[in-house]
Amino acid sequence: MSKQTDDFFKNVISHAKEYGFVFPSSEIYDGLSAVYDYGQLGAELKNNLKAYWWKAMVQLHENIVGIDAAIFMHPTTWKASGHVDGFNDPMIDNKDSKKRYRADQLIEERIATYEADGKIDQAEQLQADLDAALNADDLAGLKSLIETHNIVCPISGTKNWTDVRQFNLMFSTQMGASAEDAETVYLRPETAQGIFVNFLNVQKSGRMKIPFGIAQIGKAFRNEVIARQFIMRMREFEQMEMQFFVRPGTELEWYQQWKETRLKWHLAIGGSSAKYRYHDHVKLAHYANAAVDIEYEFPFGFKEVEGIHSRTDFDLSQHQKYSGKKIQYFDPEISQNYVPYVIETSIGLDRLFLTVLCNAFEEQDLSTAEKQDSRSVLRFHPALAPVKAAVLPLTKKDGLPDKAREILNRLKLDYNVQYDEKDSIGKRYRRQDAIGTPFCITIDYQSLEDDTVTLRHRDSMEQERVATSDLEKIIRNLVDWKNLLVKL
RNA sequence: GCGGAAGUAGCUCAAUUGGUAGAGCGAUAGCCUUCCAAGCUAUAGGUUGCGGGUUCGAGACCCGUCUUCCGCUCCA
């Protein structure tokens, strides 16, 4: 990261805090690592992003419906999905090389060495010890195996190891009021499983015919090994996922289609196409037969914002197996029962928020030969802006505030508006620029005579004289969701 | 978790060798002002991240601890 982009990112972060978009969680207690709170404007922007996604997915597609599944799910869900076994690995660090390893893999390598040297007995004994330790979650036992078999770090060649620690992806908690009969449940690490376990409910109650999709917005929780870069990787985060169920054999066509549809959605809110790219997965996850990320060029490089995965019938088949319920669809066109294939679109809402913030933020130099001048501006698409308009009496005397309040009270029935009468008019414009308000309405003495006001535009800083009776119509035209949805 | 750097007002930063914690911006109240910031007056805001130690005296020195940032390890 260059000094310049580094500074830019730091400025975005401090701007976000300064103006009430994002705060570190529990800040008065020194914060909580990798957890953030959304402030008064951040919450508005986030709600607008959710609305944009929901409208684009659910409202615009007659074959996509939205649900809201619980964060707690039956523990077997996570056995079926592969999360319980797949993501709790024993980790160990070498203090000299500073490298981290998976303890079980180090021991596996030693077993392979024994076998290569013809020490079959030793290999079998170690394998048995390893399995016993893993099954018993015996972390100290794993360490003593590493020590007694003289396993050294491949980099440093030393045996200077830390203790073995367990890495758990999922957060667990207890369900049940009394400690004795409480059951361990997990906070979901992805929202997708809430959709899969409801496949039959939605398909039957909604009389859905394949192909169809189920959308959901919700929180998910992961213990990351490292969680960094502001709201890029958080332990508690929000996903917007849509699982699209298709006939087996057609999945790659749908995969292509959703890949294109989703990029178009990102570009519609004003990102330059040079900032986005596809990144195809070479190494696929256990359940996928194709996967691509939509990446955005953050100040710290291209990073994943959204993933489109062809998940095959892995998830539904797993749930069919673990639940014993038949999860199939009868396709009248081909008179066949099958487990549908799934195309997933999965976007991190917090990452999306960050792309929008980075994309919108600009520190603009307005200097002329006579005077140095600058402003901070957030160029949000008007439909996404937390505050749509500010109503400003030119002075706070002579009845201008009353007239302004009158206009404000009418406009607030339609959207978020702010009133401000403090400081010079220029300063007030700049304050609104800093929070991304697209329009300022200024009431002056002429307004009292002919009922017109100045409408000032954020991006161009240009002003026009309009009748107050036209305000609602003019602003609605510019902030309307239609302007975005029609582009999709 | 390891290594490096840093934590002083909401923000950016001062504070001589260890000797009374300050400024600018911002905020609030008022003045001025008929359309693009940095004009005037006043006010608020700090147990210098936290805990211990050395000292007559610690923002500064020592130990511990927490948090943040950068790099590494992991990542559906």
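Biologist: Which residue forms a salt bridge with Asp414?

Modeller: This is a predicted model, in which local features need pLDDT of at least 70, side-chain atom pairs count only at pLDDT 80 or more, and totals for chains, interfaces and linings use all residues. Residues are numbered from 1 along each chain as its sequence is written, chains are lettered from A and ligands numbered from 1 in the order in which they are written, and side-chain values use heavy atoms, leaving out hydrogens and water. A salt bridge is a side-chain nitrogen of Lys or Arg within 4 Å of a carboxyl oxygen of Asp or Glu. With the closest N and O atoms 3.4 Å apart, the salt bridge partner of Asp414 is Arg476.

Biologist: How many residues apart in sequence are the parts that Asp414 and Arg476 tie together?

Modeller: Helices (H or I, at least four residues) and strands (E, at least two) are DSSP runs, numbered from the N terminus. Asp414 lies in the loop between helix H13 (400-411) and strand S20 (417-419), whereas Arg476 lies in helix H16 (residues 468-479), so the pair ties together parts whose separation in sequence is 62 residues.

Biologist: Is Glu333, the salt bridge partner of Arg247, buried or exposed?

Modeller: The closest N and O atoms of Arg247 and Glu333 are 3.3 Å apart. Arg247 is in the loop between S10 and helix H10 (251-268), and Glu333 is in the loop between strand S14 (329-331) and strand S15 (336-338), so this pair links parts 86 residues apart in sequence. Residues are called buried under 20% relative accessible area, exposed over 50% and partly exposed in between (1.4 Å probe, protein chains only). Arg247, at 24%, counts as partly exposed, while Glu333, at 70%, counts as exposed.

Biologist: Which helix holds both Lys143 and Glu147?

Modeller: The side chains of these residues, Lys143 and Glu147, meet in a salt bridge of 3.9 Å, N to O. Lys143 counts as buried at 16% relative accessibility, and Glu147 as partly exposed at 43%. They are four residues apart, about one turn of the helix, and both lie in helix H7 (residues 139-148).

Biologist: How many salt bridges does a search of the whole structure find?

Modeller: Some residues join in a network of salt bridges, namely Glu190, Arg311, Asp315 and Glu344. Over the whole structure, the number of salt bridges found is 26.

Biologist: How far apart in space do the UniProt "binding site" residues spread?

Modeller: An unreviewed UniProt entry places this feature at Arg102, Glu190, Phe237, Glu238, Gln239, Met240, Glu241, Glu344, Thr345, Ser346, Ile347 and Gly348. They cover 247 residues of sequence, and their C-alpha atoms are up to 32.0 Å apart. UniProt positions are given in the numbering used here, feature names are shortened, and annotations may be inferred rather than shown by experiment.

Biologist: Which residue has a side chain joined to that of Glu238 by a polar contact?

Modeller: Glu238 lies in strand S10 (residues 236-246) and is buried, at 6% relative accessible area. Not counting residues up to four places away in sequence, Glu238 touches residues including Lys46, Ile217 and Asp350 (contact means heavy atoms within 4.5 Å). A polar contact is a pair of N or O atoms within 3.5 Å; within protein, one must be able to donate a hydrogen and the other to accept it, and residues adjacent in sequence count only if both atoms are side-chain atoms. At 3.1 Å, the side chain in polar contact with that of Glu238 belongs to Lys50.

Biologist: What is the relative accessible area of Met240?

Modeller: Met240 is placed in strand S10. Among the residues that Met240 touches are Trp53, Trp265 and Leu352. Met240 is buried, and its relative accessible area is 0%.

Biologist: Which helix gives the largest share of the side of domain 1 that touches domain 3?

Modeller: Domain bounds come from an automatic or database domain assignment, which for chain A gives domain 1 (3-78 + 183-357), domain 2 (88-168) and domain 3 (380-485). Between domain 1 and domain 3 there are zero salt bridges and four residue pairs in polar contact, both residues being at pLDDT 80 or more. Helix H2 (40-59) and helix H12 (349-360) are the elements that give two or more residues to this side of domain 1. The largest share, 10 residues, comes from H2.
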